[in-house]
Number of protein chains: 2
Amino acid sequence: MATVDDSALIWTRPEPGTRRPKFTRDQIASTALAIADTEGFAAVSMRRIAGELGAGTMTLYYYVRTKDELVMLMDDAIMSEVLIPADELPAHWYDALTAIAERTWQVLMRHPWALHSLQRAPAGPNAMRHFEQSLAALAGTELDATAKFALLATVDDYVHGNVLRAAEFGAPAEDEARLDAVVQFGQTQLATGEFPHTRALFSGENAQNAFARIVRDASPLDRFRHGLSMLLDGVAHGMNLSFPDRRRGRRAQ
Amino acid sequence: MATVDDSALIWTRPEPGTRRPKFTRDQIASTALAIADTEGFAAVSMRRIAGELGAGTMTLYYYVRTKDELVMLMDDAIMSEVLIPADELPAHWYDALTAIAERTWQVLMRHPWALHSLQRAPAGPNAMRHFEQSLAALAGTELDATAKFALLATVDDYVHGNVLRAAEFGAPAEDEARLDAVVQFGQTQLATGEFPHTRALFSGENAQNAFARIVRDASPLDRFRHGLSMLLDGVAHGMNLSFPDRRRGRRAQ
DNA sequence: GTGTAGTGCGTACGCCGTACCAACAACGTT
DNA sequence: AACGTTGTTGGTACGGCGTACGCACTACAC
């Protein structure tokens with residue numbers, strides 16, 4: 001009796017502390033984060049984290065009810081990185097949204113595994129702050145609630161989708177041999193003649209060089225920016241919003 | 001000696017068959033697909049698939065070298081669903097891209113787990129066909145190779161990102177109690193006053209109703225379409241492409 | 001009928017998350 | 001200073017996972 005509500009989110013349960021425990025949730029989360037960043041999300045196991053901390057495995061369960069909760073803490077830590085210091089947020093909605101999106105992109109690219117776990121996690125405090133900040137970026141516009149929501153969701157969708165793809169290219173370069181196998185399979189397929197347009201895209205040069213050219217033609221960040229600006233341009237037109245006036249220092253709207 | 005190259009992709013290894021095996025890769029993949037669709041990707045285990053097929057677990061390894069390869073087969077099966085019959089592809093790039101994106105969206109929404117596994121998988125034959133078809137959609141434009149590639153990547157990014165988010169809302173309604181806990185946590189946070197803009201978004205009504213209103217204001221598909229059209233409008237302006245002329249039957253460009 | 005090699009799969013190993021519960025130690029009380 | 005309470009630690013064990021290894025079976029060529 002008087003047990004804690006089983007469905008309560010971890011944010012609503014205070015960290016244990018009446019008798020000075022050996023660890024904190026933050027310590028545990030950041031240990032897990034370090035493992036995920038250096039060895040991939042798959043390397044994050046309760047045994048591994050505990051080992052890293054010099055603790056018994058089951059000790060972690062005194063701070064956290066399940067591994068999913070621990071992942072929530074990791075996600076929330078990451079979301080804290082995407083927050084922009086209030087005084088650095090540009091005044092114009094277009095610039096503000098761009099700044100937020102770019103920062104989000106950079107953070108997620110540093111922790112690409114977060115997208116997988118973020119999916120299941122309901123918004124934690126820092127995710128709410130991110131949303132709040134995004135709304136603040138739109139405060140100067142005259143959009144109604146539904147439009148604001150739709151706009152922010154669309155931008156976030158693009159950011160997440162881009163990271164999903166970009167992260168897979170920037171990955172640990174794979175196996176070398178594996179990569180060769182992939183390229184060679186691609187070439188074999190192209191040779192079948194079933195892919196005339198794709199073949200034309202790689203006109204002349206061999207596929208590997210062409211692929212490298214396309215990849216190096218623009219950095220992942222540049223490609224992200226380009227897509228984002230197209231999206232925001234479409235938004236500005238479709239929602240009747242102003243563009244920032246870049247010719248002078250003034251900020252329209 | 002004379003063993004198969006370890007790094008060879010599954011597509012390059014022929015299915016076993018000199019002596020009429022009991023199963024086929026297709027059978028195995030579609031069994032796995034059925035499990036994933038009805039019970040989630042986590043329920044897909046080698047033991048489970050084998051059980052479903054009435055086979056010994058290790059039998060699967062005669063058809064497939066690792067579970068990852070099996071997942072590639074699943075992904076490729078899904079990618080086959082997104083292909084549009086050649087004669088149904090609209091002539092104008094804008095309509096064609098919209099059709100491809102919508103179909104992709106619908107397929108991925110039916111198999112939301114695919115996004116997780118798709119990330120690691122190098123493009124299989126059907127993924128290549130999808131790319132080829134996307135290029136075909138742009139055949140009428142005057143974009144160069146780099147621009148085409150960038151455009152398609154951007155659209156795919158948005159589609160994947162949208163599914164990533166939308167799928168999490170349309171999920172199995174969760175726990176009821178769990179959902180209550182999430183809503184209640186949100187309200188508590190709003191009450192702190194740290195989130196004025198978010199609070200304003202839910203003006204008046206209580207948060208749960210407001211949330212429900214925003215969700216039902218537009219179906220996930222409508223919201224996807226809206227974002228996609230904004231993106232494509234931005235693309236059309238930014239890349240100097242024509243819009244389809246909807247007033248008559250003719251197709252510009 | 002017999003030999004061979006393609007096919008099926010049982011066993012076992014080392015991972016995983018975590019339920020259960022005994023042991024330990026920090027503190028309030030006396 | 002001694003004790004009892006209870007917050008904190010973590011050992012053991014269970015049922016899952018992917019899959020390496022290698023033996024058993026059997027379909028077919030001869």
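These questions and answers concern a predicted model.

Biologist: What percentage of the residues of chain A count as buried?
Modeller: A residue is buried if 20 or more other C-beta atoms lie within 10 Å of its own. Chain A has 253 residues. The share that counts as buried is 33%.

Biologist: Among contacts in chain A between residues at least 6 apart in sequence, what share joins residues at least 24 apart?
Modeller: Contact here puts two C-beta atoms within 7 Å. Take the contacts in chain A between residues at least 6 apart in sequence. Those joining residues at least 24 apart make up 70%.

Biologist: What rotation superposes chain B on chain A?
Modeller: Two copies of a chain are related by a rotation about an axis and a shift along it. Here the shift along the axis is 0.0 Å, the RMSD is 0.0 Å and the rotation is 180°. The copies are thus related as by a two-fold rotation axis.

Biologist: Which helix gives the largest share of the side of chain B that touches chain A?
Modeller: In this interface, 56 residues of chain B are in contact with 56 residues of chain A. Helices H6 (125–137), H7 (145–169) and H8 (177–191) of chain B are among those that each supply at least two residues of that side. By class, that side divides into 28 nonpolar, 17 polar and 11 charged residues. The largest share, 17 residues, comes from H7(B).

Biologist: Why do the copies meet through the same surface?
Modeller: Compare the interface residues of chain B with those of chain A. The copies meet through the same surface because the part of chain B's interface residues that are also interface residues in chain A is 100%.

Biologist: Which way is the crossing of H4(B) and H11(B) handed?
Modeller: The axes of helix H4 (residues 93–110) of chain B and H11(B) come within 11 Å and cross at roughly 145°. Residues that meet there include B:Leu97 and B:Trp105 in H4(B), and B:Phe224 and B:Leu228 in H11(B). The contact has eight nonpolar, one polar and no charged residues. The crossing is right-handed.

Key: Residues numbered from 1 in each chain as written. Chains lettered and ligands numbered in written order. Predicted model: local features only at pLDDT ≥ 70, side-chain atom pairs only at ≥ 80, totals over all residues. Least-squares fit on C-alpha atoms with pLDDT ≥ 70 in both. Helix = DSSP H or I, 4+ residues; strand = E, 2+ residues; numbered from the N terminus. Nonpolar A, V, L, I, M, F, W, Y, C, P; charged D, E, K, R; others polar. Buried ≥ 20, exposed ≤ 12 C-beta atoms within 10 Å, placed from the backbone. Axes fitted to C-alpha atoms, helices over the stretch in contact; angles between N-to-C directions. Left-handed = near helix turned anticlockwise from the far one by under 90°.
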